[in-house]
Amino acid sequence: MMKSNNEFIRHAIDVKGNLQSVPNYIEYGEKSLDHLTNYFSIKTIQTIKSANKVLEPHCHTLLYQLVWVTDGSYSVTIDDKIHHLQKNCFLLLYPNTVHATSFEDNPKGYSVHFSIDFFEVHEKGTYLSNVIKRSTPKRFLIVKIDETTSYEINVIFNGMEKVNSGGSFLSDELIRTYLNLSLLKMYEFYGLLDKNTLFTSSQTIVNRFIQAVDANFINKRSVSEYAKILNLSEGHLNHIIKKETGKPAGYHIRKRILYEAKRLLIYTDSSMSEISYTLNFSNSSYFFRLFKSLTGTTPKKFRENHLKEKSITT
């Protein structure tokens, strides 16, 4: 039996139908609220490290997290993959992304948490707002920046931290400006700000579909149910999703279920039957078949392989 990561890990469905498979924190160990509005915070990585903040696997259901590393190294495990961040690296974590942090070699830099409504006070519907939402299915971005631009970004984050601690009546407006600049720089290097990139109505439908699946995948499994949510015909929704992503709508629904199944296999000691039940499968054999068809292996074997890989790296 797999050992639980800690006493906070849960694998029940809450009253709103959200899967609670890992701790859900505001930032570092503070239990999340049901609703966060106009939220922003910035801390140095040095402060987080010295305060022994919670770094175990967790997620932020309602917040984005933006990390900028100015020196040293910083490792983050996102679901079952370890990523090493070096000097002059950005990390952007989208809401509900499971991650754990390990500090290496005295890292320095900044960690920012913000809610989408804080960011969108003036940006809603703008190019940058569309870019950040368009990337939601990726769940995270890691971007390496060159030395020249890194100097500019250091100035931006220094200014963001200073304004945040200064208490100016214009602080929120100034912070949004700094935040927007940092995101624009990051996306520019990532290649998502190409002037030829257009945000069409079809891409908007894809974004809305992905968000609807994230919110409802436990209880809604058919394309027709999502078509109803989006006020579209099933045929039109399938056509748009396949045209824009290369895969039909049903594929994305199944992949979201698989993503959550992997979380439960990695972060809980639940049995295969319990996981099947948690994911709202009436028949465990169907869950096993779906998992194997998408991964090429069984849920049990996936867990065993993960434990072997983890023992090698620790």
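Is Asn-231 buried or exposed, and what is its relative accessible area? The structure examined here is a predicted model, in which local features need pLDDT of at least 70 and side-chain atom pairs count only at pLDDT 80 or more, whereas totals for chains, interfaces and linings use all residues. Residues are numbered from 1 along each chain as its sequence is written, and side-chain values use heavy atoms, with hydrogens and water left out.

Confidence is expressed as pLDDT, the predictor's confidence in each residue, from 0 to 100. The protein chain has an average pLDDT of 81, and 78% of its residues score at least 70. Secondary-structure elements are DSSP runs numbered from the N terminus: helices (H or I, at least four residues) and strands (E, at least two).

Asn-231 lies in the loop between H7 and helix H8 (234-245). Its phi is positive, near 60°, in a residue other than glycine. Asn-231 is exposed, with a relative accessible area of 69%; by definition, buried means under 20% relative accessible area, exposed over 50%, and partly exposed in between (1.4 Å probe, protein chains only).

Asn-96 is located in the loop between strand E6 (89-93) and strand E7 (99-114). Although Asn-96 is not a glycine, it has a positive phi of about 70°. Asn-96 counts as buried because its relative accessibility is 19%.
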